[in-house]
Every structure is written in C-alpha cells, then in structure tokens.
Amino acid sequence: MTQPENWQTGGFGLYVHWPFCEAKCPYCDFNSHVVASVDQRPWAEALAAEIRRYAEAVPGRVLTSIFFGGGTPSLMAPETVATVIGAARGSWTFANDIEITLEANPRSVEAARFEGYARAGVNRVSLGVQSLREDDLRKLGRLHDVKEAQAAFGIAREVFDRVSFDLIYARQGQNLRDWEEELGEALEMAVDHLSLYQLTVEPGTAFWDRAQKGRLKGLPTEDLGADMYELTQELCAGAGMPAYEVSNHAPAGSESRHNLVYWRYGDWIGVGPGAHGRFSVHNTRYETIAHRMPGVWLPAAQAGNGDLSRDVVPMEDQAIEYLIMGLRLSEGVDLERLHNMSRSVAPDAVIEELTRMGLLRISSHQLKATLEGRMVLNSVIEKLVP
C-alpha cells in the first residue's frame with residue numbers, strides 16, 4: 001500500500017507575509033517595519049511571481065488554506081489581496097472548503113475594505129484586539145481603543161462567516177480577577193475562535209530592553225501565570241470553546257485550518273519578507289527562508305527568487321519539529337509517524353516515565369500532553385528530545 005505524501009497527511013497551506021505596520025508594538029518580535037506608505041503594485045506582482053515559482057516545485061496539490069500574516073495585512077489594498085489569491089488559484093487546486101484568513105488590526109478596519117477582501121476571496125479574519133482595557137492597550141503600544149476594537153469586531157461579523165480575535169494576558173498589573181472578568185467579556189463576544197496568549201518578553205523587543213533596565217514593572221509571577229492559564233482552560237471549556245492547542249480555543253470544526261497545517265506538520269509555502277516554509281518532494285523535506293528585509297526581498301523576488309536559503313531537513317530534525325508542534329495540540333502526535341521519522345526522539349522509556357508523572361498520556365496511538373504537561377511543555381519536550 002502506497003504511503004500518503006506528507007501534505008496529504010498534514011495539509012497544504014500558503015503563508016503570505018506583509019511586513020508593514022503603522023507602529024511597532026513593544027512586545028512584537030515579528031518581522032515588521034514601520035512605513036508611511038507603500039506602492040503596492042510591485043509588491044502584489046512580486047508575491048504572485050513567488051507563488052508561481054513555488055508551484056513549479058510542488059505542482060498538482062490541493063491547497064487547504066491561505067494565511068495573510070504580518071506586519072499588518074489589513075493595510076493591504078483589496079486589489080493586492082485579490083492578485084495574490086488569484087496567483088494561488090492559478091497555481092494549485094483549491095479545496096472545496098479552503099480557509100483564507102487575513103490578520104487585521106482594529107484601527108485599520110473599514111467596512112468597505114473588508115467587503116473588498118471578501119470579494120477577493122478572504123473568508124476568515126483574525127483581529128489583533130489584544131486587550132479589552134484602555135490602559136493596557138496603551139501599555140501594549142496599540143493604536144486602537146476598546147470602542148474601535150468592538151466596532152471592528154461588529155464589522156467583521158457582518159462581512160465574514162468566521163471571525164477570530166487575539167488577547168494577551170498575564171500583563172503588567174493584571175490579577176486573576178481582572179483576567180476572569182475580561183475573558184468573560186471576550187467569550188460573550190466570540191463567534192467561533194479565540195487566541196489567548198500569555199505575554200512573553202522576547203529578546204530584541206522594546207519590552208526586553210525595558211526589562212533589562214529594570215523598567216518593566218508589575219508582570220505576574222510564574223505561579224500567577226499558571227493560575228491564569230488554568231482559569232483560561234476552565235472558562236473557555238465551560239463556554240464551549242475548549243483548547244485545541246495550547247493558546248487557541250474553538251468549538252469542534254472551527255479550528256484554524258491554516259495553523260493546523262503547522263501543528264500537524266503538513267507542508268506550507270511561505271512568501272514575502274522573512275517568510276519560512278516547509279515542503280516535501282519525493283520523501284525529501286525542505287526548509288525555505290525568504291530574505292528578511294523588505295528592501296532586499298522585493299528586488300530579489302522581482303529578479304526571480306526571493307529566498308535567502310533552501311535546505312534539506314534531516315529526518316531527526318523533522319521528528320523533533322513534529323514533536324514540538326504536535327504536542328501543542330490536544331490531539332497530540334501520531335507515534336507511528338513520529339517514530340518512522342526517528343526512533344531516537346520520544347523513546348518509549350521516557351514516554352513511560354512522563355506518563356507516570358502525569359505529564360503525558362497515550363490514546364489510540366496518539367501521544368498527548370495532559371493539562372499539567374502543557375503547563376511545563378518546554379520541559380517535557382526537553383526530556384523527549386535526545
């Protein structure tokens with residue numbers, strides 16, 4: 001019996017990176033660049049050309065998702081989005097239920113622009129709300145206020161069938177009661193998906209610089225962060241939006257299909273400055289990384305190749321990546337698939353030890369992290385990786 005190809009197991013997606021923003025948030029470590037304006041026509045043409053170039057390497061596939069990330073993709077003109085989607089449609093077969101998501105900042109939301117995205121083919125929007133508290137929005141460097149966020153959510157609900165939004169918790173000065181009230185408000189708003197992230201201070205961000213100078217005050221303790229995480233799981237499950245991934249919540253059937261491609265270790269093409277991709281051809285898996293700086297990527301893409309590198313991913317590295325991604329999911333990882341990649345990753349003896357500790361469990365040949373395991377997932381993975 002012929003084994004299915006990797007993309008047939010985990011899905012096949014397209015990630016499109018739009019690197020431009022109105023302002024840089026102090027917690028953000030993504031590849032984003034503040035610019036006043038952009039001539040979008042050459043960008044649309046370059047992104048479309050990159051998609052067509054990749055289609056020559058991986059032809060004949062069924063595309064299950066497209067995700068416009070950034071940066072701030074809601075600063076893209078609807079015509080730019082339409083050009084990109086058109087290039088993808090001309091390159092691969094679209095799944096009947098293809099998910100096409102665009103990230104949006106509430107400040108840049110206009111009904112006419114959203115209607116333009118919908119006409120272009122976008123059928124899901126993800127709003128970067130981040131907080132429902134005015135003071136915290138200012139601390140997070142967000143340009144919108146709570147009313148703008150609520151208005152943007154209302155417009156999105158009218159235009160799109162599927163709407164998600166993000167919140168950041170474990171913020172400066174936030175206590176358990178504060179988060180309980182705010183999450184309750186979010187659950188009353190939520191349509192079908194919530195992404196709920198604990199604030200992390202990453203190197204290279206403004207928050208990191210402040211922390212190094214002792215100027216980032218009032219962050220919750222590790223124990224309070226754990227309490228907030230447990231409360232999040234309890235309240236979301238009670239509202240019919242259980243965690244299907246460490247930080248993502250949805251009723252069954254409303255999960256982000258694009259992110260599932262990552263977490264199930266499928267294949268995805270990444271185009272745009274700094275975009276990463278993974279795809280397999282004839283049992284060889286490749287990692288691609290595009291040039292990071294917009295001023296470098298654009299002329300490179302116009303010249304025929306926006307990639308900085310394309311490297312083969314060794315089988316043991318594939319196993320490690322699959323483990324790291326898959327254990328974030330409530331469904332876990334397929335042990336047979338994992339051990340076909342490498343027997344040295346997640347050896348049976350270590351799985352048995354972590355199972356006795358209540359951090360892992362096995363169900364129908366799927367290796368899963370328990371709630372306790374998710375709370376210390378990095379430590380669990382360290383034990384499983386040689």
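This is a predicted model: local features need pLDDT of at least 70, side-chain atom pairs count only at pLDDT 80 or more; totals for chains, interfaces and linings use all residues.
Figure 1. Arginine 177 makes a salt bridge with glutamate 181, and their closest N and O atoms sit 3.1 Å apart. Both residues belong to helix α7 (residues 176–189), where they are four residues apart, or about one turn of the helix. Glutamate 181 is partly exposed, with a relative accessible area of 39%.

**Figure 2. The whole chain, before we zoom in again.** The protein chain has 16 helices and 17 strands. Its C-alpha atoms fill a box of roughly 55 × 55 × 40 Å along the principal axes. How does the radius of gyration of the protein chain fit with that of a compact globule? For 386 residues, a compact globule would have a value near 21 Å, and the protein chain has 21 Å, so the two agree. Buried residues make up 53% of the 386 residues.

**Figure 3. Glutamate 22 meets arginine 107.** Here the side chains of glutamate 22 and arginine 107 come together in a salt bridge, at 3.5 Å from N to O. This pair links distant parts of the chain, 85 residues apart: glutamate 22 is in the loop between β2 (20–21) and β3 (33–34), while arginine 107 is in the loop between β5 (93–104) and α4 (111–120). Glutamate 22 is partly exposed at 39% relative accessibility, and arginine 107 is also partly exposed, at 42%.

**Figure 4. Aspartate 97 and arginine 257 tie a strand to a helix.** The closest N and O atoms of aspartate 97 and arginine 257 are 3.9 Å apart, and the two form a salt bridge. Aspartate 97 lies in strand β5 and arginine 257 in helix α10, so the pair ties together parts that are 160 residues apart in sequence. Are these two side chains buried, exposed or something in between? Aspartate 97 is partly exposed, with a relative accessible area of 48%, and arginine 257 is partly exposed too, with 29%.

Figure 5. The structure as a whole holds 20 salt bridges.

Figure 6. Glu222, Asp223, Asp227, Glu230, Glu234 and Glu372 form a negative surface patch. Which helix gives the largest share of the negative patch? That is helix α9 (residues 222–238), which brings five residues. Glutamate 372 lies in helix α15 (residues 371–375), and at 47% relative accessibility this residue counts as partly exposed.

Figure 7. Leu371, Met375 and Val376 make a nonpolar surface patch of about 210 Å². Methionine 375 is found in helix α15 and is partly exposed, with a relative accessible area of 32%.

**Figure 8. Alanine 250, tucked into a loop.** Alanine 250 sits in the loop between β10 (248–249) and α10 (257–263). With a relative accessible area of 3%, alanine 250 is buried, because that label applies under 20%. How far is alanine 250 from arginine 356, in sequence and in space? The two are 106 residues apart in sequence and 30 Å apart in space, going from C-alpha to C-alpha.

Technical notes: Residues are numbered from 1 along each chain as its sequence is written. Side-chain values use heavy atoms; hydrogens and water are left out. Patches are made of residues with over 30% relative accessible area and no salt bridge: like charges are joined within 9 Å, nonpolar side chains (Val, Leu, Ile, Met, Phe, Trp, Tyr) within 5 Å. Accessible areas come from the Shrake-Rupley method with a 1.4 Å probe; for residues, only the protein chains shown count as cover. A salt bridge is a side-chain nitrogen of Lys or Arg within 4 Å of a carboxyl oxygen of Asp or Glu. Lys and Arg count as positive and Asp and Glu as negative; His and the chain ends are not counted. The place of a charge is taken as NZ of Lys, CZ of Arg, CG of Asp or CD of Glu. Helices (H or I, at least four residues) and strands (E, at least two) are DSSP runs, numbered from the N terminus. Buried means under 20% relative accessible area, exposed over 50%, partly exposed in between (1.4 Å probe, protein chains only). The radius of gyration is taken over C-alpha atoms; the globule rule is 2.2 Å times the number of residues to the power 0.38.
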